[in-house]
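Subject: Structure handover

Hello,

Here is the structure I promised to pass on. Please have a look at it first; my notes on what was found follow below.

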Amino acid sequence: MFPRPTETRQVQSLDGVWNFCLQQGSENGFKSRWFETPLNQVTNDLERMPVPSSFNDITERREIRDFSGWVWYERTFFIPSTWTDGNILLRFGSVNYKAHVYINGKNVFNHTGGHLPFQMDITKLVRISSQNHISVAVNNVLSNGTLPQGRVVTKNDSRKPNTTFTETITRFDFFNYAGIHRSVWLYYVPKTRIVDITVITNTESDLSTGIVSFDIATNSKDEDNHYWRIGLYDRDDKSVAPDQAKPNGKFVIPDANLWWPFTMHPIAGYQYTLSIRLYNKTNNHLIDSYYQKVGIRNITLSKHSFNINGKPFYFRGFGKHEDMNIRGRSMDQSMILKDFNLMKWIGANSFRTSHYPYSEEIMDEADEQGFVVIDELPAVGLVSFQRPLLEQHLMTARELIDRDKNRPSVVMWSIANEPVGNVPESAEYFATVATEVRRLDLAKRPVTAALANNKVDYIVPSLDLLMINRYYSWYSDPGYVQVIQGYLLNDVRNMAQKFHKLIMFSEYGADTIPGMHNEPTTIFSEDYQVEYLIENHKAFDKLRAQGFLIGEHVWNFADFMTGQQITRVGGNKKGIFTRDRQPKVSARLMRCRYWGLTNVNWTTVHRQGFSLCPQMIY
Ligand code: BDP
């Protein structure tokens, strides 16, 4: 449950500037108990570090940018003197990759895996009457047992004898940003409280009656002494159905406002509020309350379409990254809102959280603005499938589903991106992950994965539908856009015939240096990107006519930083927008394509300039 303040709950942010240092060479902050003393007493090398942020690009020090190993964060904080009756929780939105958390010198929690929240109870460790100290040791090393995988190699610094440095080799191209990436909260909650909420929505076949089923859990051992008041309210705060008195049940809403994706209905992203209140029977005091947003919609797969509220939904959008200059992979509200505005401008209706779960703030915005999300686990480029990795994969799936299970925006779970295809044991591995995801998600969203080529026989049986990443005339035959249509049509028709599953494009794209132009086109120019996209779109349109293609996501929304590789000039440049969110020439092409794929003809769109854009410019 996201830390939201209510009548019974209070929130205090620990975001701000923390102290920071690297643990280098022979130093061992655990043995030397760095968590017990202020960091300025153990090192002269202290930096001031913003939270949330990646640490890599904040300083002018190369060894911090490229660091592999443990880093230490610390700060002090006060607890309000009124926080005496309840419990005090500490919650991190995400820390990449491992975090060991200490409060006043005591280890309170260790967490493995970035991109997902974790929370701990620190009531017994904090002092109300004086300052408290928090330190967090963070490790960003990737191995065969981490999700995603990677490895660290040690190299000699030839300028100084016996001096080494390390390089992280990743199985993905995006920069391995690390640090406290999302907000840190102190959350004061009642001792007896709501601890979990599950909401499942549906519509009756008339599509106008909405059903909201709910199940609420508490940590109470004394249920008999409590009573509930659970209500459902519309956007104007009007009750839409009689209140209920049990922690599980169902609301039936005649003439419901359904949650529709952007461009599918004039009101996109409509959400109700489930008001949950727990009272004490003896004195009628409010024990706890929480307000959960609810979007009513249903998802079905039919032979030829992916349906939302019974209507075919065609995915138009992007593979993205959480990536921005200076702050790296940090949660950043300005970036989030800018990205949603650009996606609306261009006529997209969906995105994939490639290649890891995105911040709750992004997901909230998708719920709110009616963007459809394919929620991806951080399983990118897996090459080996041992038991410890599987355990981590399952744990991450549990954490993600626990976090996002109530979100109307989330319509599918993607359990991997481009795993290698020729390892027989991956069949059982993915079957186990997919089964667990289906077990955990009571809303039974479809399970999918993004596949790089045709060697997918081991994973496909575990998937409800297929996402495919294809780069004809980029990674093969670069410069020859004339190959695209033939190869794509052949490849995708074969897949459709072989597997009999719905298919969507989850990646296609070409690196493009903004400002580079030529005719006839050559790779890396803006003109080549446009030509490349047009040829792909022609193939998509032919495939669409055959009834198994359910969408297209271009790679990538914006340019993003990568590790240093000779195939990347200042990062991956396949963005339709630059890293600072300005349009390349291709943005207008995509705008025509995406709006052209809608049935929308509303005045608002015309006002935004859509009427200037011919339906199909090619
Ligand atoms: C795909 C990967 C994606 C890369 C992309 C590329 O899924 O993460 O960024 O290639 O090379 O294979 O641009």
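Arg398 and Glu436 form a salt bridge, with their closest N and O atoms 3.0 Å apart. The term stands for a side-chain nitrogen of Lys or Arg within 4 Å of a carboxyl oxygen of Asp or Glu. Arg398 sits in helix H4 (residues 387–404) and Glu436 in helix H5 (residues 426–440), so the pair ties together parts 38 residues apart in sequence. Glu436 is buried, at a relative accessible area of 12%. Arg398 counts as partly exposed, at 37%. Here buried means under 20% relative accessible area, exposed over 50%, and partly exposed in between (1.4 Å probe, protein chains only).

A word on the source. This is a predicted model: local features need pLDDT of at least 70, side-chain atom pairs count only at pLDDT 80 or more, and totals for chains, interfaces and linings use all residues. Residues are numbered from 1 along each chain as its sequence is written, and side-chain values use heavy atoms, with hydrogens and water left out.

The structure holds 41 salt bridges. Side chains of opposite charge can pair when their charged atoms come close.

One of the bridges joins Arg581 and Asp339, at 2.8 Å from N to O. Arg581 lies in the loop between strand S32 (549–555) and helix H8 (585–596), and Asp339 in helix H2, so this pair ties together parts that are 242 residues apart in sequence. Arg581 is buried, at 4% relative accessible area. Asp339 is buried too, at 2%.

Another bridge pairs Glu322 with Arg182, and their closest N and O atoms are 3.0 Å apart. This pair links distant parts of the chain, 140 residues apart. Glu322 is in the loop between strand S25 (315–319) and helix H2 (333–346). Arg182 is in the loop between strand S13 (179–180) and strand S14 (184–189). Both Glu322 and Arg182 are buried.

There is also a network of salt bridges. It links Arg4, Asp364, Asp367, Arg403, Asp404 and Arg407.

The chain as a whole

The protein chain has nine helices and 32 strands. These are DSSP runs numbered from the N terminus: helices are H or I with at least four residues, strands E with at least two. The C-alpha trace spans about 75 × 70 × 50 Å along its principal axes. With 618 residues, a compact globule would have a radius of gyration near 25 Å, and the chain agrees at 25 Å. That radius is taken over C-alpha atoms, and the globule rule is 2.2 Å times the number of residues to the power 0.38.

Of the 618 residues, 58% count as buried. Among contacts (heavy atoms within 4.5 Å) between residues at least 6 apart in sequence, 70% join residues at least 24 apart.

One histidine

Where does His133 lie? His133 is in strand S10 (residues 132–139). His133 counts as buried, at 12% relative accessibility. Thr76 is 57 residues away along the chain, yet the C-alpha atoms of His133 and Thr76 are separated by 4.5 Å. Leaving out residues up to four places away in sequence, His133 touches a list of residues including Phe35, Thr37, Pro38, Thr76, Tyr102 and Asn104.

Best wishes
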